[in-house]
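Subject: Structure handover

Hello,

Here is the structure you are taking over. Please open it next to this message and follow along.

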Amino acid sequence: MAERLLVRALKGGKSTKILTLNGKRIKKMPTALGKLTGLKTLDFQNNQITIVCPQLSTLTQLTFLNLGNNLLEEVPEEMKYLTSLKKLHLFGNKISKFASGVCDGLQNLVLLNLNNNRLTWLPEELGRLTSLMYLSLNCNQLTGIPRTICFLKNLTELYLNYNLLSCIPEDIKYLKKLQRLSVARNNIEFLPEEFCDLKKLRLLDVAGNLIQIFPSGFQDLKLREFYCEGNPLFRKQPVMAGQREDLWHLREITARFIMNQLKEKNSFITHAIEAYPDIKTKMSQGKKCAICEKSFLTTWLECVQFVRPSKAWKISKNLKLIPLRVLLCSQRCFCHRGPNIFGIA
C-alpha cells in the first residue's frame, strides 16, 4: 500500500503537493522523496523511522511535516534546510537532543510539537525561531526553561506539562503576546513577581505543583481560565503569634531614605547616584510595602493576602480564595494592615 501511494506521488513529480504515509510500518524514509520538490505537506506519522533520509533537505517548499510517533532520537540536521516549514510535529519519538544548527533555517516555523520525548534540556538556539507562536513540550524531562525562549516575541501558546521544572524564569515577562501557559504537574514552588506583566495571558494551568502563594498583582490578570488544584496553597486559618520590634541596620535606613527620595524625584539624589552604579543597581532591587507603598530593601515581614478570584475566570473546583504574596516594611504597617492580610510564620 505504501509503495502504491509513493509511486502515485512520483508520477505527479513536482506537481505533487501532498504525501501521506501514515501508519504504514515504514522503517526507512524513501530516498525518492528528493524527486518531489513541490511537496507542501508530508505525513509520516505512526511508523518506525529511526533516521530521516538526506533527500528530505531538498523539500524547500514543504510547509507541514509530521514525523510523530516514530523512533527518532534527535531533531535532525536536515530540518534546517526546510526554509518554508510552518508546522513541525515530532511528538512521540525518543528525541533527547537537537542537531547543531537545526534552528538556523526555520525562520518561518509557527508550530513546534515535541510532546512525549526524552528531552532533558533545550538548546539556546531555540530562540532563533522568531516566528514561533505555538510550542508544546509536554511529557519530557526538562528541569529548566532556557532564558532564550522568553524572547520569542510572537509566542502565544506554551505547554510544559509533566516535566521536572522547579521554577519559571523572571524573563517570562518578555513574552508579551503569550495567551496560554500550561505548566501542570511539575515541581514549581512559586511564580515570579514579573509573571504579572503577562497582560495578554488568558489561560493559566499550574495544577499539581508545589505552589503555596501567588505574586502580588496576580488577581489583576485578565484570565479566562485558571487551574491550580493539587497545590499546597496557604489556607485562611490564622493563629496568634508574637510581633518582633523594628530594628534596622544603618544600611537599611540609608537605603530607604535614598529610594524614597528617588521616588519623589529629588534632583540632588538623582544626579548624585549616577556616580555610584553599584549603589544604583542595589536601589533598583528595592521592594514596595503593600501598606504604606514606601520602598525598602530588607523585608520586615512576608505576608499573605486572601482575595476572591475574578468572576470572569473559569477556575478549579472548590477554589474560593487565592493567596497572594505581600511584603511589609515595618511593624507599624503590620498593625495597620487590612483584615485579609496575615503574617507567614
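Start with Asn66, which sits in strand E3 (residues 64–66). Please keep in mind throughout that this is a predicted model. Is Asn66 buried or exposed? Its relative accessibility is 5%, and buried means under 20%, so Asn66 counts as buried. Leaving aside residues up to four places away in sequence, Asn66 touches Leu42, Asp43, Phe44, Gln45, His89 and Phe91. For a sense of distance, pick out Gly230 as well: Asn66 and Gly230 are 164 residues apart in sequence, and their C-alpha atoms are 34 Å apart in space.

The whole chain

The protein has 5 helices and 18 strands. Its radius of gyration is 26 Å, while the globule rule gives 20 Å for 345 residues, so the protein is more spread out than a compact globule. Along the principal axes, the C-alpha atoms fill a box of roughly 85 × 50 × 30 Å.

Two further values describe the surface and the interior. The accessible surface comes to about 18500 Å², and 52% of that belongs to carbon and sulfur atoms. Of the 345 residues, 47% count as buried. As for contacts between residues at least 6 apart in sequence, 38% of them join residues at least 24 apart.

Two residues with positive phi

Two residues in loops are worth a look. Asn116 has a positive phi of about 55° although it is not a glycine. Its place is the loop between strand E7 (111–113) and strand E8 (134–136). At 44% relative accessibility, Asn116 falls in the partly exposed class.

Arg185 is not a glycine either, and its phi is positive, at about 60°. The loop that holds Arg185 runs between strand E10 (180–182) and strand E11 (203–205). Arg185 has a relative accessibility of 37%, so this residue counts as partly exposed.

Empty space

Rolling a probe the size of a water molecule over the atoms shows where empty space is left.

How many cavities of 30 Å³ or more are there? The count comes to 1. About 40 Å³ of space lies in the largest cavity. Its lining is made up of Val75, Leu88, Phe98, Val102, Cys103, Leu106, Leu109, Leu112 and Leu129. By class, that lining has 9 nonpolar residues, with no polar and no charged ones.

The largest pocket holds about 810 Å³ of space. The lining of this pocket consists of 26 residues, and those nearest its centre are Glu193, Ser216, Lys287, Arg325 and Leu327. Which elements give two or more residues to the lining of the largest pocket? They are strand E13 (287–288), strand E15 (301–307) and strand E17 (322–328). The largest share comes from E17, with 3 residues. Sorted by class, the pocket lining divides into 12 nonpolar, 5 polar and 9 charged residues.

To find these places on your screen, select the lining residues of the cavity, such as Val75 and Leu129, and then the residues nearest the centre of the pocket, including Glu193 and Arg325.

Regards

Note on methods. Residues numbered from 1 in each chain as written. Predicted model: local features only at pLDDT ≥ 70, side-chain atom pairs only at ≥ 80, totals over all residues. Heavy atoms only, no water. 1 Å grid on protein atoms, 1.4 Å probe; cavity = no way out; pocket = protein on both sides within 12 Å on 5 of 7 lines; lining within 4 Å. Points joined across faces, edges and corners; volume = space filled by probe spheres on them. Helix = DSSP H or I, 4+ residues; strand = E, 2+ residues; numbered from the N terminus. Nonpolar A, V, L, I, M, F, W, Y, C, P; charged D, E, K, R; others polar. Rg over C-alpha atoms; globule rule 2.2 N^0.38 Å. Buried < 20%, exposed > 50% of the residue type's maximum accessible area, 1.4 Å probe, protein only. Contact = heavy atoms within 4.5 Å. Areas by Shrake-Rupley, 256 points an atom, 1.4 Å probe, with all protein chains shown as cover.
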